[in-house]
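Here is a short report on one protein model.

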Amino acid sequence: MLFRFSLYGFLKNQRYFEPFLILAFLDKGMSFFEIGVLIAFREVTTNILEIPSGSIADLLGRRRAMVVSFAAYVISFIGFWLADDPALLWPAMAMFSVGEAFRTGTHKAMIFAWLAREGRTDEKTKVYGHTRSWSKLGSAASIVVGAGLMFWLDEYAAVFLLSAIPAAANVINLATYPSYLDGERHEGAGMRTIFRHSVAAIATAIKTPRLRRLLGESMTFEGLFHASKDFLQPLLAACAITWFAPWGGAGEWSELQRTTLLIAPTYLTLHLLSAVASRRAHWFVAIAGGEARSARLLWALATALFLAMLAGELTTTFAISIAAFVLLAVAQNIWRPIFLSRLDAATDGSSAVTLSVESQARRATTMLLAPAFGAAIDMTQSTESAQIGDYWPIAAIGGALTLLMLARSYRVIEQTE
């Protein structure tokens, strides 16, 4: 099953449009604030669906939930491909939210159920890090394919359509998982049962101090990362147009092609480093002397990276800002396996709905920060590309929040072990 889990992650991340998503929205005439609102809409819609979807996965079968998820992705990617007006992006994003809601937490619960069946629960960080590394290798492969297509076609639409193919392949992969990974199913469970199951999980999270603290960490680290990560794209685009200006000055290459030349190696490096980071997360724990201490070190690293990003913006040394974005992604891929192991230790280790509560919590932060980041960038945007003031609000807010959590970690992180 480890191969099947890894294949799932590899196919899941064959999203050839992902490094260009914000740029594609900008190309359709959206402002940064409008893009932030669209991202917030994605998070709100996912949040509305996520707890019931986790309950449905627990009660009616996890495989069914995952098949629904990837069928929704297929529809979403086709919708993005067809959208020739910004208004059409909203229903496509709504279907993307359905895919996210039915996927998040469910597959992790299947992995943990398999580990319990195999008597390998002490390998949670190692096994999840291994499967996550294959997800990142899938992302790296998608960069090569997507960048090649983007450079060749010199337009955004086709990469959305082609992303639907591996998503459809994952429907087949998931549908043929062993039936025992469905967990204990309750045929005919009605909405009242699902609602009660959801409320019970939320109440447990709120009432349990250890779990509540972990959810607070996820809201800050994960929510901040997911709200900020895609703003690397316009920064790279602005730098590419400036740095590679002589290459396109005579009309040989378009701005999109020059942008692709910088985005491709940057994101390829990001995903390859992230794959290594995920697979070696358990080494980081061993070196740090425990999962709580490793979390504290990661808070310190995140703070340093946001401050470096801020310095790069304020001094117009954008290579520093780009490197900080990349290393922040690497840190997040060390953080995630460690955090899920800590969360699993605080729960029964098998409930998809508990993991969905965690995902919903971090989405709440993303929902609030994405429009705020977009509005701040619109207000500080220079008339020329990649000038001082464009992206410093992200670095300033990120540095303040991670510094606050670093200080808090000295009081409470040890209590979570």
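Two residues are in contact when heavy atoms lie within 4.5 Å. The model is a predicted one.

**Helix α1 and its partners**

Start with helix α1, residues 2-12, and helix α8, residues 157-175. Arg4, Leu7, Tyr8, Leu11 and Lys12 of α1 touch Pro166, Ala169, Asn170, Asn173 and Leu174 of α8. By class, the residues of this contact between α1 and α8 are six nonpolar, two polar and two charged.

Helix α1 also pairs with α6, at an axis angle of roughly 165°. From α1, the contact uses Leu2, Phe5 and Tyr8; from α6, it uses His107, Met110, Ile111 and Trp114. The contact of α1 with α6 has six nonpolar residues, one polar residue and no charged residues.

The table sets out the geometry of the two pairs.

| Helix pair | Axis angle | Axis distance |
|---|---|---|
| α1 and α8 | about 160° | 9 Å apart |
| α1 and α6 | roughly 165° | within 11 Å |

How do the helices run? Angles over 145 degrees count as roughly antiparallel. α1 and α8 are therefore roughly antiparallel to each other. The pair α1 and α6 is therefore roughly antiparallel as well. α1 crosses α8 in a left-handed way. The crossing of α1 and α6 is left-handed too.

Which residues of α1 are buried? They are Phe5, Ser6, Tyr8, Gly9, Leu11 and Lys12. Their cover includes α4 (62-82), α5 (89-103), α6 (106-118), α7 (124-153) and α8. Tyr8 is buried. Tyr8 also takes part in the contact with α8 and in the contact with α6.

**Arg42**

Now move to Arg42, in helix α3, residues 32-60. Is Arg42 buried or exposed? The cut-off for buried is under 20% relative accessible area. Arg42 has a relative accessible area of 12%, so Arg42 is buried.

What does Arg42 touch, leaving aside neighbours within four places in sequence? The contacts are Met93, Phe96 and Ser97. Met95 is 53 residues from Arg42 in sequence, yet their C-alpha atoms are 9.1 Å apart.

**The whole chain**

The protein chain has 18 helices and zero strands. Of its 417 residues, 57% are buried. Take the contacts between residues at least 6 apart in sequence: 84% of them join residues at least 24 apart.

Definitions and conventions
Residues numbered from 1 in each chain as written. Predicted model: local features only at pLDDT ≥ 70, side-chain atom pairs only at ≥ 80, totals over all residues. Heavy atoms only, no water. Axes fitted to C-alpha atoms, helices over the stretch in contact; angles between N-to-C directions. Helix = DSSP H or I, 4+ residues; strand = E, 2+ residues; numbered from the N terminus. Parallel < 35°, antiparallel > 145°, perpendicular 65-115°, else oblique. Left-handed = near helix turned anticlockwise from the far one by under 90°. Nonpolar A, V, L, I, M, F, W, Y, C, P; charged D, E, K, R; others polar. Buried < 20%, exposed > 50% of the residue type's maximum accessible area, 1.4 Å probe, protein only.
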